[in-house]
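Reader: I have a two-chain structure open on my screen and would like a friendly walk through it. Could we take it piece by piece?

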Amino acid sequence: MSAASPVLSVRDLSKTFGAIKAVDGVSFDVRPGEILGLIGPNGSGKSTLFNCILGQLKPDTGHVEVNGRDVSGRRACDLNKLGVGRTFQQLSVFPQMTVLDNIIVAGQEHRGTMLGRLFGAPDAGLAGEADRMIDFFRLTHLRDQMAGSLSYGQQKLVDAAMAFMAGPSLVLLDEPAGGVNLTMLAGLKERLSTYNREHGTTFVVIEHNMEFVMSLCSRIIVLAEGRVIAEGGPEEIRSNQTVIDAYLGG
Amino acid sequence: MSEFLQVVLSGLATGSIYALAAIGFTLVWQAAQTVNFAQGEFVMLPAFFVLIALHWLGWPLWAALAFGLVISVLVLGYLFKRLIVQPMLPSTGLPLIIATMALSILLKEGAKQFYGAEAQPYPPLFPQTTMSIGGAIVSMQDILNLVVSLAVVVALTLFLNRTRTGRCIQATAQNPQVAEILGVNTRRMVLYTFLINAALAALASMLISPVYLAKFSNGETLGIVAFIAAIVGGFNQIRGALVGGLLIGVLDNLTATYVTASYRAALPLVLLIIIILWRPQGLLGTSEGRQV
């Protein structure tokens, strides 16, 4: 794979539910280290697109490549091992585990053998790494609390920390800012930017919070009714009349 | 006092075997979000596997027990999951529950046709002696049944809480979609859960059959008692199923000895009604989520 090869390549992806075409022939590439925004009105097919990329839904047509490998039809757990992480629109922690255990689960599947899973250290040797991730997302004071007892915003941070724990090359973030208060939102954006800068991890971000997505992403793709209707930098998208019409129902 | 202690210890021994079956209910609920109404028959059948190895194959007891365990794990764990649960998992709920009810009838009638309706003698696993504890005369079989059952529950709890595979099973139970995204092979974790359930049922069968003998209808009572034990203790907690099983075993013995033996079968049902009215999530259960 050359340096310019895309981390993620989506080609002609379509998904239909009954008479509704949720995703309609979508194609795009994501470059290494890029933060790509994926926006669009409700029902435009963003989350369906994520689910098709990650093998949680089987697309009707098209294929997906990660780092040059065709991963179409592969299960999500296999994609995780190829370096793809994801956060969810809804809260997605293990509520009856501590924050530390949540983070360890997120990293342990990349470590060890079958015997090690049964007889090896329960923390898979990840406690130090998990603590660093907890510190990075400023969750230190919550380390030993049950994840289900945390506030919505705190659980979103745990979710993000879990997505990064396995050291992915690509992370799909599904509405990371949804339901998060303004103070935490600023912290989350700053953490994501820092992680991207320090590790070169590529992000694809679905988000309705325009301020968040415009300030975080270097390039934005706009979906409407399952199709790509615009693509460009934040300023270009902000002034694009097709995009404005799609959001206003014009 | 010594009689009371004797009754309690004997009740704990029986209750610990109920607990093994009740924990199976809990595990299957966590893994597949369904109630396995064939669980009683899962406890009935392994005794017949052991008898087949003893009488038909002429194997020694230890080999027959190993045979019973392996066949149970294969048939009641692997095949049950692959042939019945997995094809129906996308729908879950009622179809799967009805399928387990049908399986219960199939296993019960199958055992009856294959091995006859009479209770079959089953060899004791432990010495048929007694020992004195605090003045109470207790059978060695009761004591060792209790010790073995509790040791298995402790080992299972340590496995689930202290190993990476156990943590993955927990993660799959609590949030399968996220566990899959994080690289956990959730299908394999669900399979492990079914294999563990089958092994627990086989163990319960081997421990209780020397007392109950091997009979095709054993599953009727065992299934109901274990189901009630799981609900009384808390359907989403292993320790709840353990407490539920022990509680029913002890109360059953106390009622039969000090009140009347006529209504002992009604006791678990009365307990169930009281618990559901007073604490619907069970004695140790939680209302907010699933945990193994």
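Author: Happy to. Helix α3 of chain B, residues 61-88, is 28 residues long and spans 37 Å between its first and last C-alpha, close to the 40 Å expected at 1.5 Å a residue. Please keep in mind that this is a predicted model.

Reader: Is F80(B) buried or exposed, and what covers the buried residues of α3(B)?

Author: F80(B) is one of the buried residues of this helix, along with others including L76(B), G77(B) and K81(B). The cover over the buried residues of α3(B) includes four helices of chain B: α1, α2 (39-56), α4 (93-115) and α8 (186-212).

Reader: What covers the buried residues of α5(B)?

Author: Helix α5 of chain B (residues 140-162) reaches 32 Å across its 23 residues, close to the expected 33 Å. Its buried residues include Q141(B), D142(B) and N145(B) as well as L146(B), V153(B) and L156(B). Their cover includes α1, β2 (136-139), α6 (164-174), α8 and α10 (238-259) of chain B.

Reader: Why does L157(A) count as buried?

Author: L157(A) sits in helix α6 of chain A, residues 152-165. Beyond four places in sequence, L157(A) is in contact with F137(A), L139(A) and L188(A). The cut-off for a buried residue is 20 or more C-beta atoms within 10 Å. L157(A) counts as buried because its C-beta neighbours inside 10 Å number 25.

Reader: What is the bridge partner of T87(A) in β7(A)?

Author: T87(A) belongs to strand β6 (residues 84-87) of chain A, where V84(A) and R86(A) on one side and G85(A) and T87(A) on the other are all buried. This strand runs parallel to β7 (residues 170-174) of chain A, joined by 4 bridges. The partner of T87(A) there is L173(A).

Reader: Which residue in β4(A) stands opposite R11(A)?

Author: Chain A has an open sheet with antiparallel pairing in the order β2-β1-β4-β5, and its edge strands are β2 (20-30) and β5 (69-70). Strands β1 (residues 8-17) and β4 (residues 61-66) of chain A pair over 5 bridges. Opposite R11(A) stands H63(A).

Reader: How many nonpolar residues are on the side of chain A that touches chain B?

Author: The contact takes 26 residues from chain A and 19 from chain B. On the chain A side, α2 (76-81), α3 (99-108) and α4 (114-119) each give two or more residues. By class, that side has 7 polar and 5 charged residues, and the nonpolar ones number 14.

Key: Residues numbered from 1 in each chain as written. Chains lettered and ligands numbered in written order. Predicted model: local features only at pLDDT ≥ 70, side-chain atom pairs only at ≥ 80, totals over all residues. Buried ≥ 20, exposed ≤ 12 C-beta atoms within 10 Å, placed from the backbone. Pairing = 2+ DSSP bridges. Contact = placed C-beta atoms within 7 Å. Nonpolar A, V, L, I, M, F, W, Y, C, P; charged D, E, K, R; others polar. Expected span 1.5 Å × (residues − 1).
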